[in-house]
Amino acid sequence: MPRRLTGKLVVATHNPGKLAEMRALLAPYGVEAVSAGELGLPVPAETGHMFAENAAIKAHAAARATGIAAFADDSGLCVDALDGAPGLFSADWAVGKDFGPAMARVWRELSRRGATAPQMRRAHFVSALVVAWPDGHDELFEGRVHGTLVWPPRGAQGFGYDPMFRPDGFDRTFGEMSAEEKHGIDWSRGGAALSHRARAFVKLAAACLEKPAA
């Protein structure tokens, strides 16, 4: 049976955009979230070969360092025509924290393969969320969202590859959507959510969190 989360939680990230999304998702549950970056924790080497493995590395490192439960996400963009790249290396394609060059590289690689037609620009985002406790116990939850890449990128919301990713069923990119539209959760519709991270969080919340009484 999944272990419940209460009280304080470390969000094992140094990415301010990702932290903002995590805090927004956790807010309704009365969980106090502090980030690994705010605590000055080192960034562990992400040596895994899957998103879930890297999320676990980050979550366990933060839990061991702080003595409280930690929550980590590892996510990325997987482009069908690029054999799943950039995938685990999504952040590495950026220059510093600038994803403009990363998006340009995706388009350049698609162009080299002659894969610029809309039907050849299929891609999906993956999010693996791991909650780890100091005693070594952990829980894993995964979410995906499929869509089509656009060029040039559109919108300045979100972060990472959001401006070039248009989710299925929408005519706007993640970069053109508000934070609420991208990762808001409609509990009246059984936890319907759009983003990969929100979809993974719905599973985590059902297993490990309990909303405080109104």
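**Notes on the model**

1. Helix H1 passes helix H6 in a right-handed crossing. The model is a predicted one. H1 spans residues 16-26 and H6 spans residues 196-208, and their axes come within 11 Å of each other, crossing at roughly 35 degrees.

2. On the H1 side, the residues that meet H6 are Lys18, Glu21, Met22, Leu25 and Leu26; on the H6 side they are Arg197, Ala198 and Phe201. By class, this contact of H1 with H6 comprises five nonpolar residues and three charged ones, with no polar residues.

3. Serine 127 lies in strand S4, which runs over residues 122-132. Is serine 127 buried or exposed? Its relative accessibility is 0%, so serine 127 counts as buried, the cut-off for buried being under 20%.

4. The side chain of serine 127 is joined to that of aspartate 73 by a polar contact of 2.6 Å. Setting aside neighbours within four places in sequence, serine 127 is in contact with Asp73, Asp74 and Ser75, with Phe141, Glu142 and Gly143, and with His196, Arg197 and Ala200.

5. Arginine 154 is placed in the loop between strand S5 (138-149) and strand S6 (165-167). With a relative accessibility of 29%, arginine 154 counts as partly exposed, because that class covers values between 20% and 50%.

6. Which side chain does the side chain of arginine 154 reach through a polar contact? The partner is glutamate 176, at 3.2 Å. Beyond neighbours within four places in sequence, the residues in contact with arginine 154 are Pro163, Arg166, Asp171, Arg172, Thr173, Gly175 and Glu176.

7. How many disulfides does the structure hold? The count is zero. A disulfide would be a covalent bond between the sulfur atoms of two cysteines.

Technical notes
Residues numbered from 1 in each chain as written. Predicted model: local features only at pLDDT ≥ 70, side-chain atom pairs only at ≥ 80, totals over all residues. Heavy atoms only, no water. Disulfide = S-S within 2.5 Å. Helix = DSSP H or I, 4+ residues; strand = E, 2+ residues; numbered from the N terminus. Buried < 20%, exposed > 50% of the residue type's maximum accessible area, 1.4 Å probe, protein only. Polar contact = N/O pair within 3.5 Å; in protein donor to acceptor, adjacent residues only side chain to side chain. Contact = heavy atoms within 4.5 Å. Axes fitted to C-alpha atoms, helices over the stretch in contact; angles between N-to-C directions. Left-handed = near helix turned anticlockwise from the far one by under 90°. Nonpolar A, V, L, I, M, F, W, Y, C, P; charged D, E, K, R; others polar.
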